[in-house]
Amino acid sequence: MLKHTSKLIATVTTATLLSSCGSESSTRTIEYSGLNQALSQVITLVVEPAATNFLNQARQLDSLSDAFCSTTTEPNLLAVQNQWKATAKSWYELLPYNFGPMINDEVLPEYIFIDSLRLRGTNYTQTVRNDIDSMLAASSALTDTTFRNKNFQFVGLLATELAVFERASDHNKEIGNILSDFTSQSRKCQILQGYTGQLVARAENISNSWSNNYKNTGSSYRKLLLSGGLSQIAGEDSSSTSTKLITSTNEYMDYVHKRTIVNDVAVVSGYTWTLMLAGLESFERMVEGTPATTESFADIMQASTATDLATIRANIVSAKQAIEAENDTDFDAAVKAIDGNIKRELTDGLNINTGLNFSDGD
Amino acid sequence: MTNDQSRRHFLKSMTLAGFMLPGLGVSAGAGIWQAHKQSRSDQYERWITAQGKTPEQYGMGAISPIQADAINVSSNFRGHGICQHPTQPHKVVMVSRRPGTVGLEVDLLSGESREFHSPANHHMQGHGAFSADGNLLFTSESDFQSGAGKIIVRDTHNYNVVAEYSSYGIGPHEIKRMPDNTTLAVANGGLLTHPESGRKVLNLDSMRSTLSYIDINSGELISEHRVPENKASIRHFDIAADGTVAFGMQVQRRAMSDNHLVPLAGVHKPGKDIELLQAPESLTVALNDYMGSVAVDSHNCLAAFTSPRGDLAMFWHLDDLSLQGYHKFHDVCGLALNASGSHFVLSNSAGKLRQINTKTLQEDRDLRLDFPAMAWDNHMMSVRLTS
């Protein structure tokens, strides 16, 4: 009886508080409904398609690598290089949403095997170069297992970039010299195919988790996330969709400017600024929506906090201008501003609560 | 010594302050848990924690895990650490978060509360500890004119200040009584602040953090210990029955010239050097340079840590110092060992509570509690009341 009464107390408390919230503003309920729809559309129209696209691009890269290794011609090498760029671009469209399937395992998160820099901004270029040299010099067989067992520093987009954009011996970037690397030593192709095969495997893990089966639950991460079903999975972060999107995009912007990654990303391929733009435009799609979007974050903010929305848009424009000018100082400043916008304007404008301020010294 | 700055609040003022049994729509009568006197003794367990997101909500939350209900004692200030009177377990004190100046004693049985304040030119640092006999309360504070860290000693009968010790560092934070009852352990975070500049750290270049042991009777320094990374601030700790101190740190990354990885947890065993607790790189990175709370389970030789910036609770063995497990939980910070020692209790800012079995380090999901109207703050303490 006592226990029952106590439970009743808790229930009534909740109901009372919810009632008082609702009575403060009748429009608030409508806004929340709109937000739920907007959140759902960000997931289904921006994030999940980004994971699917990354998988498709990685598969194409793997396929073109096979074709090149069958016929080691300059056009085929150029096709691999271009496809690496397309794959890296698709990765940067996904990278701002670094949660759920991108993590999968806290100790060995999926994303670090694709993008070693993202863990904490450590540039492993020399580490990869040394490993390629070692593999070229060795005689042991290079198999799928060889690459599957490699630590994250030795694989992923960086390793693939170094394999196809420079000659191993002296890091020369002239296409003819890179081609001769492959024609003169068959192991170089085995290395390339090992790298692209692992990229596909990681991309499949992420995309399959998003769309089909997350952690052997039989349900897609998309469905679990949007239905609140994550709380039923042991050890799973069951915070809300809004919290995940705000937190992950905030962390992405933080990573971009604090780690000054323009100095480290895709330097050998010369594709840095395109990737910066890809990440920024992906964030912009989260805010503004896609052509298929019917309710966007921007729609919600326009109705309530239009000034805040204008601030975000202005800073996105500034970041694009900095990218266009390839001005790393202005770019870092603009991204830092967007970082702050996510924490303040976007969060407030969407009425999202991401938690307390556990600040330094507490 | 200052005059008595405490204020005594009786039931009437507490009612106005929001001390209520929620849901019944009535104010609490004297002895808010008198209604539960017929219940089993384990039903007297309460998890006490600072809570609230806004000044209007700030208070001390008291959660009954068995009854699955919670109340809030309004404080009008953002509280931080909680400590329990050793001989009158129904009395708890919540100390305000830096740079607040107010402490609040609450009698959980009578419903009485009283405030006490920092001496002139001092502010609190968030934590306090009672002497073994309960006659004295030690709080970590700072003299904001000199910047010196202080341990303010108060007579708990009236909360008059009766002594002032040096903390032997800047920015003392967590403070606890060692098992020998004659020593205070103090985490000097090393961060200098001033009320006029709010929470801004004023000495990032010269910061120096120590774990210090102080004679509880004389205030003399017994020993102090440092970690190798001088930008790592020792903030929180808990103490095992054998005197092992498990501590958590926060790294002032903006004051560092590179991004090298810094372990955020360590132990200090009596008579030995500090040892840092290692974890896989990805987990340490995920903590975002911030450990928020520490709790020790002496029976199972475990130290638990929480990181709200990493959304992680992590568990190390205190003997071999190996990482035993981790638990993902958004914005987790509050952490306590429950009264029976069966579970670590975790709380977060969304009002959620989770319990991690101390044997398996797995969550017992059937024991989840959710109070969406509450926002549990940094620290939590399990107290067992006696009728």
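Helices (H or I, at least four residues) and strands (E, at least two) are DSSP runs, numbered from the N terminus. The structure shown is a predicted model, in which local features need pLDDT of at least 70 and side-chain atom pairs count only at pLDDT 80 or more, while totals for chains, interfaces and linings use all residues. Residues are numbered from 1 along each chain as its sequence is written, and chains are lettered from A and ligands numbered from 1 in the order in which they are written.

**View 1. A cis peptide bond in chain B.** The bond joining Arg98(B) and Pro99(B) is cis, with omega about 0 degrees. Pro99(B) belongs to the loop that runs between strand S8 (91-96) and strand S9 (102-107) of chain B.

**View 2. A positive phi at Lys215(A).** Although Lys215(A) is not a glycine, its phi is positive, at about 50 degrees. The residue sits in the loop between helix H9 (186-211) and helix H10 (221-227) of chain A. Lys215(A) is partly exposed, having 18 other C-beta atoms within 10 Å; a residue is buried if 20 or more other C-beta atoms lie within 10 Å of its own, exposed if 12 or fewer, and partly exposed in between, with C-beta atoms placed from the backbone.

**View 3. A positive phi at Tyr159(B).** Tyr159(B), likewise not a glycine, has a positive phi of about 60 degrees. Its loop connects strand S13 (149-155) with strand S14 (160-166) of chain B. Tyr159(B) is buried, because 21 other C-beta atoms lie within 10 Å.

**View 4. The surroundings of Asn338(B).** Asn338(B) is part of the loop between strand S27 (332-337) and strand S28 (343-348) of chain B. Asn338(B) counts as buried because it has 20 C-beta neighbours inside 10 Å. Leaving aside neighbours within four places in sequence, Asn338(B) is in contact (C-beta atoms, placed from the backbone, within 7 Å) with Glu45(B), His343(B), Val345(B) and Ser382(B). The C-alpha atoms of Asn338(B) and Arg46(B) are separated by 9.0 Å, and these residues are 292 residues apart along the chain.

View 5. Chain B contains two helices and 31 strands, and 54% of its 387 residues count as buried. The average pLDDT (the predictor's confidence in each residue, from 0 to 100) of chain B is 88, and 88% of the residues score at least 70. Over residues 1-41 of chain B, the pLDDT is below 50, and this stretch has 70 contacts in the model beyond near neighbours in sequence. For the complex, the predictor gives an ipTM of 0.85 and a pTM of 0.88.

Note on methods:
Two residues are in contact if their C-beta atoms, placed from the backbone, lie within 7 Å.
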